Amino acid sequence: MKKALWMALAVLLGVLTALRLAGDAGFWQRYMAASSGSTAEAAARLVEPRLALPGVATAVPRASAEAEFIAPEALQLAADAARKQGAKGLLVHRHGHRVLEYFSDGRSGAAEVAGGELSPALFALAAGALVDTRRIAPEAAVAAIRAAAHPGERWHNPWSAAAAHRFRLAAPPALLLQDMDGDLATTISRRVWLPLGTGNAWLWGTGDALLRLDCCAAARLEDWMRLGDLLLMQGNYHGERIVSPDWVRQLLAADPQGQRHPVWLGEQKPWMGDEPPAAREVFWFDLGNDLRLWLVPRRGLAVLNWTGAGNPRDTLIPNILLRGLLDQAPAQGAELDDMVPGH
């Protein structure tokens, strides 16, 4: 009995030592959240320690369905589908203007959520200011963005270098430390965040020496939508050019296999549903396992689907909206109820 007790204590000590060597409590919180799949709100709470990215919130630009050439019936169908799925929220923008807003249970666009796969866009767009003024070469900036990106699925072993890279603070890419306006968070804010009219956001870090820009940012839901609009509108946000169209095209370029996706993602997670997206060129970003932002550049359409019991990867709602665009619509006489087969 005494021998078994000593063996159990030895095993426990070994486990505790291994856990200690692998990482601190914050490391394990992030590891478990990534392993189990985290909601966007829960992931935002893991952004600790956090560094302020200053912003000044302004009103979201809005437009009517008619002004943006979207059939009102399509917006109603999309909202009805969101309600049926128990969605927490649905935002639809066209050309940077909000044309549909739906929230349940007292939620709003001010809800704080993690940026997920969209977080690295802060780094990428801030680097664009250096690329556009020829202070760094585009190839060097793209290489730095890719080097900072998550190392695929290799992080599943918590004692691996890939896990350490994903779940620990580190020094930011050296190229961003050029020509700073004060500290790095303030520089990124002035280059990217403030021109969008966003509120305060939060980066994971303690200062310029330990500041992760490839992941783990937290901001208001509607502010991530504005960042998507900036990509959608080729670096121009309502008359203010933040980065050049050339740089945005490089960020969303095709890989050697001909697949178009952001340079910081090795590949995009798959869509789900009864049919593929109803447009040839579509990008999407998962902010959590319950929140996906769809961008359709050739149609000027952004759809942020914050699901409840449904699946944010389902193409139903984006396709309803794509087929409701009146300036690129199907032949006259087609019924909106017939535009999404199988639903």
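Histidine 238 sits in the loop between β8 (236-237) and β9 (240-241), and its phi is near 50°, a positive value in a residue other than glycine.

Before I go on, a word on where this comes from. This is a predicted model, in which local features need pLDDT of at least 70 and side-chain atom pairs count only at pLDDT 80 or more, while totals for chains, interfaces and linings use all residues. Residues are numbered from 1 along each chain as its sequence is written, and side-chain values use heavy atoms, with hydrogens and water left out.

How confident is the predictor? pLDDT is its confidence in each residue, from 0 to 100. The protein averages 87, and 87% of the residues score at least 70. Over residues 10-22, though, pLDDT stays under 50, and the model has eight contacts there beyond four places in sequence. Residues 329-343 also have a pLDDT below 50, with 24 contacts in the model beyond near neighbours in sequence. Contact here means heavy atoms within 4.5 Å.

Now the overall picture. The protein has 11 helices and 12 strands; these are DSSP runs numbered from the N terminus, with helices (H or I) of at least four residues and strands (E) of at least two. Of its 343 residues, 52% count as buried.

Which helix is largely enclosed by the rest of the structure? That is helix α8 (residues 184-193), because nine of its 10 residues are buried. Among them are Leu184, Ile188, Arg191 and Trp193. The cover over the buried residues of α8 includes β1 (50-53), α5, β5 (201-207), β6 (210-212), β7 (218-220) and α9.

Helix α9 (residues 221-232) holds glutamate 222. Is glutamate 222 buried or exposed? Its relative accessibility is 12%, so glutamate 222 counts as buried. Setting aside neighbours within four places in sequence, glutamate 222 touches Val60, Leu91, Arg98 and Gly109.

Let's turn to α5, another part of that cover. The axes of α5 (residues 120-132) and α6 (residues 138-148) come within 10 Å and cross at roughly 165°. Axes are lines fitted to C-alpha atoms, for helices over the stretch in contact, and angles run from 0 to 180 degrees between N-to-C directions. The two helices are therefore roughly antiparallel to each other, a label for angles over 145 degrees. Where they meet, Phe123, Ala124 and Val131 in α5 contact Pro138, Ala141, Ala144, Ile145 and Ala148 in α6. By class, this contact has eight nonpolar, no polar and no charged residues. Nonpolar covers Ala, Val, Leu, Ile, Met, Phe, Trp, Tyr, Cys and Pro; charged covers Asp, Glu, Lys and Arg; the others, Gly among them, are polar.

Last, some backbone details. Most residues other than glycine have a negative phi, and most peptide bonds are trans. Aspartate 105, in the loop between β3 (97-103) and β4 (112-114), has a positive phi near 55°. Aspartate 105 is exposed, with a relative accessible area of 70%. A cis peptide bond joins glutamate 48 and proline 49, with omega about -5°. Proline 49 lies in the loop between α3 (40-45) and β1.

Methods
Parallel < 35°, antiparallel > 145°, perpendicular 65-115°, else oblique. Buried < 20%, exposed > 50% of the residue type's maximum accessible area, 1.4 Å probe, protein only. pLDDT = per-residue confidence, 0-100.
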